[in-house]
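Dear colleague,

I am passing on the structure below, and I would be grateful if you could look through it before reading my notes. The notes follow directly after it.

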Amino acid sequence: GPVYYQVRKGETIVREGDIVTGAQAKKLAQMAQKTTSGSLLLANASLFASLFLITFLCLHFGLRNIKKTRTSPKDLLFLATLFLSVILVQRMGMYVGARLEPDSAELLRFAMPVSAAFIVARMVLNSETVIVFAIPFIAASSFCAGLESGFFLPLIAGGVLGGHLGGSARKRIDFFKIGFLIGVVQGFAVALFIAQKSGALTVAATWPIAGAFLGGIMGAVLAMTIVPLAEALFGYTTDMRLMELASLDHPLLKDLMLHAPGSYHHSVVVGTLVKGAAEAIGARAVLAMVAAYYHDIGKLAKAAYFIENQSGGKNPHDKLAPTMSSLILSSHVKEGVEMAKKHRLGQEITDIIEQHHGTRRMAYFYEKAKASGEEIPETEFTYPGPKPQSREAALIMLADVVEAAVRTLPNATQPRIQGTVQNMINRIFAEGQLDECDLALKDLHKIARSFTHILTAMHHHRIDYPQPVSKDRRDDGDSDTKRQPEGHGGRGEANQESPESLKRLGL
């Protein structure tokens, strides 16, 4: 394997008149090369220019050829901060390693937690962006470690694997699993490089192999630390954060369950629908599900004005003008956005709340206004928008109207559910509400199929169980067997319980 010689600051390599050994000759040659290589400023400037050129070309390639590459100013600032921070950690490690024994220095060289950048970038952004920026980052890290060490091999192996596994991290324990797998792959990559270069694996090879394994674990641990910072400083919403928001202990969901139970139940059903549909089309299922839970939180402000929260009482809209009713209905979007910002649900959920009705028209109140003879512009009966900008927002819009439409079916059989689902999706598509999101026609077919499957399972028929037989004991010992009358809709209605029955139940 390669042999490294360490020259400490102020060290005397050879004295005048002494015989120069082979090791001393190599040290002198390297020192002469550094002395005659030009100024340090020019060398660093050239390196920076080279890395900038590579980064620019990769960015241009991503913008032209990979449409999901995220290159907003915030994303670019985050990526630059992330990569520079990890490279700074690497440089500090290399600085410490230069003052250690050769074996320890070799271990530390490969133990740098560079894979953290790939894990975090995948969790916060997406896989397309990770691939685009992987090349300049690997190049920069390899320069820092020394290309002759073969450092780019574990970087490529660990980085690609970290970018792949980072998207599936949901719990903190997942980071340790990811780190272990990256460590194994990085160690194997280093072993292959050493075997290819020297033709054999010696005892000295255990140091870089062990360092590469430790580097994978340390990278995952560092990523676990960076992710919460990225969420707090840049306002990103990772799947780990979404899983925390999915808890029913969140104050907004608890309030929705207590004060707007109909809206709460509707949101849970919509969440189930969009999760299945998102998995079918390859969208972010966790984001879609959690955003569905919160998409109607704005109804908390005026819960009684929404039909799902009216328990058979009077409808307050009966006494209101259609324009006032439409104003109240549309206000739940604005109220929901303000609540989402107040409770820091994240920009992605806030955007979905704002977009889940798009610019659709409130047809019921618009027709009611027309029937009364009023001449009111249609814009007064439309939601403010904007239209859905993401697949997740579009899924929630579709599931929202489909769930409400299927709920009104008197007999929700599978053919009726399928027809209703297709009709509502076609209507929203014809209205142009899906023009600004990345949904293809084949995605709409998959969404309709998923919605139909889930709603059919929810509205399945049950067996009409007979009521239990009651026995009336008479004085003569005879008993009459009577069947309890069946209640409305084929379901038995409980008879009034006797005091003795209540006592047996502990009531």
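**Notes on the structure**

Pro386 is placed in the loop between helix H16 (363-371) and helix H17 (391-407), where helices are DSSP runs of H or I with at least four residues, numbered from the N terminus. The peptide bond that joins Gly385 and Pro386 is cis, with an omega of about 5 degrees. Please keep in mind that this is a predicted model, in which local features need pLDDT of at least 70 and side-chain atom pairs count only at pLDDT 80 or more, while totals for chains, interfaces and linings use all residues. Residues are numbered from 1 along each chain as its sequence is written, and side-chain values use heavy atoms, with hydrogens and water left out.

Most residues other than glycine have a negative phi, and most peptide bonds are trans. Arg344 lies in the loop between helix H14 (322-342) and helix H15 (347-355), and at 69% relative accessibility it counts as exposed (buried means under 20% relative accessible area, exposed over 50%, and partly exposed in between, with a 1.4 Å probe and protein chains only).

Turning to the aromatic residues, a search of the whole structure finds eight aromatic pairs (ring centres of Phe, Tyr or Trp, the last by its six-membered ring, within 6.5 Å; planes under 30 degrees apart are stacked, over 60 edge-to-face, and the rest tilted). Phe118 and Phe137 form an edge-to-face pair, at 5.4 Å centre to centre and with 65 degrees between the planes. Because Phe118 lies in helix H5 (residues 115-124) and Phe137 in helix H6 (residues 127-145), the pair ties together parts that are 19 residues apart in sequence. Phe118 is buried, with a relative accessible area of 3%, and Phe137 counts as buried at 3% relative accessibility.

Phe78, Phe234 and Tyr236 form one aromatic cluster. Lys74 lies over the face of Tyr236, at 4.4 Å from the ring centre (for this, NZ of Lys or CZ of Arg must be within 6 Å of the ring centre and within 35 degrees of the ring normal). Phe78 belongs to helix H3, where it is among the buried residues, which include Leu79 and Leu82.

Finally, Leu63 is found in helix H2 and counts as partly exposed, at 49% relative accessibility. Leu63 and Val132 are 69 residues apart in sequence, yet 9.4 Å apart in space, C-alpha to C-alpha.

Notes
Helices (H or I, at least four residues) and strands (E, at least two) are DSSP runs, numbered from the N terminus.
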